[in-house]
Amino acid sequence: MAAIPLLTPHKMGKFDLSHRIVLAPLTRSRSYGNVPQPHAILYYSQRATNGGLLIAEATGISNTAQGYPETPGIWTKEQVEAWKPIVDAVHEKGGVFFCQIWHAGRVSNYGYQPNGQAPISSTDKGLPTQSLHDGTTADYSPPRRLATDEIPGIVNDFRLAARNAIEAGFDGVEIHGAHGYLIEQFMKDSTNDRTDEYGGSLENRCRFAVEVFKAIVNEIGADRLGIRLSPFADYLECWDSNPESLGHYMVEKLNKLGILYCHMVEPRMSIVDGRYQIPHRLLPLRKAFKGTFIAAGGYDRDEGNKVVAEGYTDLVAYGRLFLANPDLPMRFELNAPLNDYKRETFYTPDPIVGYTDYPFLESSV
């Protein structure tokens, strides 16, 4: 039987992928004290396959980068050493493992910051309290606008984090430039109200991001670097008045640098004919990008096969489905039933429940 499109091989730069199903970066809030824990060895190795691409959860670049409880970092020697056995476990199963690095920016509060200082951002405009899925709320402290001469230091934090990720054994790094966090706070005109060279025009708003990309390319090489972008997203009050122009500008910059892959998030699903459908607005950006293109945003098996077959994307990132189905590629191959994900355990600190206890196919039939 011919392989389904999602299970066909793909050459991503120097990496030979055996299939096109990618583990999306998923915050799990189980890295106590911002240090990766031994239970992550099982979690990631469960989801590793020979020639499969995994992207690690968002990992902080510095002690000012945190915005959520118990998220991992990669700015200290202890953190680097803690990542090593996790990476080794993925490699033992033949997986390709990238570390997503980020800075939450204003999506934080005094409690996550060193010495209780204000979170840093492109702006001093704060976020209102947000209602969370579990019925609780998230409170954000007013941010402090970075001075122009402070920005090179943040760029250097990204560079050092990328170097640390390679030292930890990761095959490459993905920069989190999406979903309302620091890089996107600079890029989008709803959150960038600066009047220096990092604000105003599209070129100026993207300057910080491009400087980060260049610094990391110079440190580890473009062939080990991917970027996650969400130009169409309106998340954490971070949106842009012209997302198409923003997306094309960023893709142009990625092409000039020879970036390995572009991981882009679809706009939110819309209701068409009574059911949710993916808008499929990434095609012009996919056509413009010269490297491997990864699409993310609510895909299932059928939709994933369709977009790969049609050339809409090279790879498809799966989040909640992969979280709940550690053997997702096998289930897709067999068109087997899927475990339901338990939303209430996405971010609980338990090292097992909702984390490594989702059953594999052979133990659930």
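Reader: Which residues does I101 touch, not counting residues up to four places away in sequence?
Author: Touching, or contact, means heavy atoms within 4.5 Å. This is a predicted model, in which local features need pLDDT of at least 70 and side-chain atom pairs count only at pLDDT 80 or more, while totals for chains, interfaces and linings use all residues. Residues are numbered from 1 along each chain as its sequence is written, and side-chain values use heavy atoms, without hydrogens and water. With neighbors up to four places away in sequence set aside, I101 touches T59, I61, I74, F158, A161, A162, V173, E174, I175, H176 and I216.

Reader: Which residues touch the most other members of the largest nonpolar core?
Author: A nonpolar core is a set of buried Ala, Val, Leu, Ile, Met, Phe, Trp, Tyr and Cys residues joined through side-chain atoms within 4.5 Å. Buried means under 20% relative accessible area, with exposed over 50% and partly exposed in between (1.4 Å probe, protein chains only). The largest core has 84 residues, and those touching the most other members are Y44, I101, F158, F170, F208 and Y318.

Reader: Which helix gives this core its largest share?
Author: Helices (H or I, at least four residues) and strands (E, at least two) are DSSP runs, numbered from the N terminus. The largest share is eight residues, and it comes from helix 6 (residues 207–220).

Reader: Is helix 1 largely enclosed or open?
Author: Helix 1 spans residues 39–46, and its buried residues are H39, A40, Y43, Y44, S45 and Q46. These pack against strand 3 (21–23), strand 4 (53–55), helix 2 (77–92) and strand 6 (96–102). Six of the eight residues of helix 1 are buried, so the rest of the structure leaves it largely enclosed.

Reader: What is the relative accessibility of L17?
Author: L17 lies in strand 2 (residues 15–17). Leaving out residues up to four places away in sequence, L17 touches P9, H10, M12, G51, L53, V96 and L315. L17 counts as buried, because its relative accessibility is 2%.

Reader: How far apart in space are L17 and T195, C-alpha to C-alpha?
Author: In sequence, L17 and T195 are 178 residues apart. In space, their C-alpha to C-alpha distance is 44 Å.

Reader: What is the radius of gyration of the protein chain?
Author: The protein chain has twelve helices and 17 strands. The globule rule, 2.2 Å times the number of residues to the power 0.38, is compared with a radius taken over C-alpha atoms. The rule gives 21 Å for 365 residues, so the chain is as compact as a globular protein of that length, its radius of gyration being close to that at 19 Å.
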